[in-house]
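Here are my notes for your first pass through this model. Please keep the structure open as you read.

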Amino acid sequence: MDSGEREEQEQLERFLAHAAGSERLQRKLGGMDAYQVVAIAAEEGFAFGVTTLHRAVCTGYVMRRPR
């Protein structure tokens, strides 16, 4: 992983921690696709791409909670 990918990963991790503490964001993110999640994260001041999010989902770092 190069420094740019590492920075995006760190941004994603910070965003996830931020979202976990915000009921508003949790409601807003429910049912969104990856592109919408990245756009919402950008609105909140976080910078990572769809590829970084996809990689996190595929490795199990980010998973949907069972309902």
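1. Start with the core. The model is predicted, and its largest nonpolar core has 13 residues. Those with the most contacts inside this core are F15, L29, F48 and L53.

2. Which helices supply this core? Helices α1, α2 (23–29), α3 (34–43) and α4 each supply at least two of its residues. The most comes from α3, which gives four residues.

3. Now look at the rings. How many aromatic pairs does the structure hold? There are two aromatic pairs. In one of them, F15 and F48 are tilted. Their ring centres are 5.7 Å apart. The angle between the planes is 45 degrees.

4. Why does the pair of F15 and F48 matter for reading the fold? F15 lies in helix α1 and F48 in the loop between α3 and α4, so the pair ties together parts that are 33 residues apart in sequence. Ring pairs also link F15, F46 and F48 into a cluster.

5. Are F15 and F48 buried or exposed? F15 has a relative accessible area of 1%, so it is buried. F48 is buried too, with a relative accessible area of 7%. The cut-off for buried is under 20%.

6. Beyond its neighbours within four places in sequence, F48 is in contact with E8, Q11, L12, F15, V38, A41 and L53. Two of these partners, F15 and L53, are also listed among the core residues with the most contacts.

7. Turn to Q11, one of the contacts of F48. Where is Q11 found? Q11 is in helix α1, which covers residues 3–20. Its relative accessibility is 13%, so Q11 counts as buried. Setting aside neighbours within four places in sequence, Q11 is in contact with G45, F46, A47 and F48. Of these, F46 and F48 belong to the ring cluster.

8. Finish with Y61. Y61 lies in the segment after α4 (50–58). Is Y61 buried or partly exposed? Its relative accessibility is 46%, so Y61 counts as partly exposed. Exposed would need over 50%.

9. What does Y61 touch? Leaving out neighbours within four places in sequence, Y61 is in contact with Q9, E13, L16 and A56. Y61 and A41 are 20 residues apart along the chain, and their C-alpha atoms are separated by 17 Å.

Methods
Residues are numbered from 1 along each chain as its sequence is written. This is a predicted model: local features need pLDDT of at least 70, side-chain atom pairs count only at pLDDT 80 or more; totals for chains, interfaces and linings use all residues. Side-chain values use heavy atoms; hydrogens and water are left out. Buried means under 20% relative accessible area, exposed over 50%, partly exposed in between (1.4 Å probe, protein chains only). Contact means heavy atoms within 4.5 Å. A nonpolar core is a set of buried Ala, Val, Leu, Ile, Met, Phe, Trp, Tyr and Cys residues joined through side-chain atoms within 4.5 Å. Rings of Phe, Tyr and Trp (its six-membered ring) pair if their centres lie within 6.5 Å; planes under 30 degrees apart count as stacked, over 60 as edge-to-face and the rest as tilted.
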